[in-house]
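User: Can you walk me through this one? I'd like the fold, then the sheet pairing.

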Amino acid sequence: MAHDPRDLDDAFLAFWRERHIATLTTARPDGSPHVVPVGVTYQPETGTARVITSRTSRKARNVAAAGPQGLRVAVCQVDRARWSTLEGVAVVRDEAEQVADAERRYTERYREPRANPDRVVIEIAVDRVLGRP
């Protein structure tokens, strides 16, 4: 079921604030899907989803390889019959303030992340929302 990303109801937004592990799907250089578990945060006011990771991770390298125009990706979380997928174009951000903001958001939803001097943020401009929260 598709939803308007600019008009999500309270139940939907609550589902994206609850502590759930998600999957992030990116495309490898050969075009095959790379799917990994991640923690993700969603900021509905700006339509931005964020995943913190190491710059050397396969997911970050897949996104970075797409260049400045970004890579189309999907993050999905499931809890029994409730599920939701956020789709959009992702880029890798490494600016200190962007990383710190993503770490703060991650801490609010999950826990304080371990120290990682190679941390970057996969930032997703969400343009399609699916699900049944």
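**Strand pairing and overall fold**

Analyst: Two strands pair if DSSP finds at least two bridges between them. This is a predicted model: local features need pLDDT of at least 70, side-chain atom pairs count only at pLDDT 80 or more, and totals for chains, interfaces and linings use all residues. Residues are numbered from 1 along each chain as its sequence is written, and side-chain values use heavy atoms, with hydrogens and water left out.

User: How many bridges join β5 to β8?

Analyst: Seven, between strand β5 (residues 48-54) and β8, running antiparallel. Within that pairing, S54 stands opposite R119.

User: And how many join β7 to β8?

Analyst: Eleven, again antiparallel. G88 has V126 in β8 as its bridge partner.

User: Is β8 largely enclosed or exposed?

Analyst: Largely enclosed by the rest of the structure, because ten of the 14 residues of β8 (residues 119-132) are buried. Buried means under 20% relative accessible area, exposed over 50%, partly exposed in between (1.4 Å probe, protein chains only). For the chain, buried residues make up 47% of the 133 residues.

User: What about β6, which strands does it pair with?

Analyst: Strand β2 (residues 22-27) pairs with β6 (residues 71-79), antiparallel over four bridges. T23 stands opposite C76 there. Nine bridges join β6 to strand β7 (residues 82-93), also antiparallel. In that pairing, V78 has W83 as its bridge partner.

User: Which residue takes a positive phi in the β6 and β7 hairpin?

Analyst: R80, near 55 degrees. The hairpin has two residues between the strands.

User: Zooming out, what's the secondary structure?

Analyst: Three helices and eight strands. The order is β-α-β-β-β-β-α-β-β-α-β. Helices (H or I, at least four residues) and strands (E, at least two) are DSSP runs, numbered from the N terminus.

User: How compact is the chain?

Analyst: As compact as a globular protein of that length, because its radius of gyration is 14 Å, close to the 14 Å the globule rule gives for 133 residues. The radius is taken over C-alpha atoms, and the rule is 2.2 Å times the number of residues to the power 0.38. The C-alpha trace spans about 35 × 35 × 25 Å along its principal axes.

User: What share of contacts comes from residues 24 or more positions apart?

Analyst: 69% of the contacts with a separation of 6 or more. Contact means heavy atoms within 4.5 Å.
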